[in-house]
Amino acid sequence: MQHIDVKEIMTKQDYLNNEVVVCGWVRTARDSKNMAFNEIKDGTSLKHLQVVIDKSVMTVRDNATAPGTSIKVTGTVVSARQGAVEINAANIEVIGVCPADYPLQKKRHSLEYLRTIPHLRTRTNTFNAVLRVRSALAEAIHRYFQDRNYVYINTPLLTGSDCWVQVKFSR
């Protein structure tokens, strides 16, 4: 079974009460005696998808709930609070284990701190939102010029070390 994006599960009612496969990173995890709750995201939505794990049905590996761990969840989509949906997990497969010193935690991080981890900062809601706005603006600008028969040319950045060459065209 092919995995489905978190955004599709949250926006389309077609998946309600059906079994789905979702892949993503654990954002937060809460654990109790009989139940466990993971919130996962895959980058397709700013919202997180809650995964409900009934411990009487399945056992949860310790590394499947660590923030940043990449998991594949098979389960049934059910209605939750205020029109939201969640997944009742039937199986969780760990795709990639996250190290114990993973720098992004549940708390808010300052922009100064996020500058020190550029490879992970796109996983935060702040950068995710900024990149979505940037993408929408770039798409609108490109569409505007394409509709008016302009041709997009990706010009290289000019630096102080670039050389200018004069080219003479003959007719």
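Let's start at Phe145, which is partly exposed because its relative accessible area is 37%, where partly exposed sits between buried, under 20%, and exposed, over 50% (1.4 Å probe, protein chains only). A word on the source: this is a predicted model, where local features need pLDDT of at least 70, side-chain atom pairs count only at pLDDT 80 or more, and totals for chains, interfaces and linings use all residues. Residues are numbered from 1 along each chain as its sequence is written, and side-chain values use heavy atoms, with hydrogens and water left out.

Back to the ring of Phe145. Rings of Phe, Tyr and Trp (its six-membered ring) pair if their centres lie within 6.5 Å; planes under 30 degrees apart are stacked, over 60 edge-to-face, and the rest tilted. That rule gives two aromatic pairs. Together, ring pairs link Tyr144, Phe145 and Tyr150 into a cluster.

Now, the strands (DSSP runs of E, at least two residues, numbered from the N terminus). Two strands pair if DSSP finds at least two bridges between them. β1 and β2 are antiparallel over six bridges, and form a hairpin with three residues between them; here Arg30 faces Phe37 in β2. Six bridges also join β2 to β3, again antiparallel, with Ala36 opposite Ile53.

How values were computed: Helix = DSSP H or I, 4+ residues; strand = E, 2+ residues; numbered from the N terminus.
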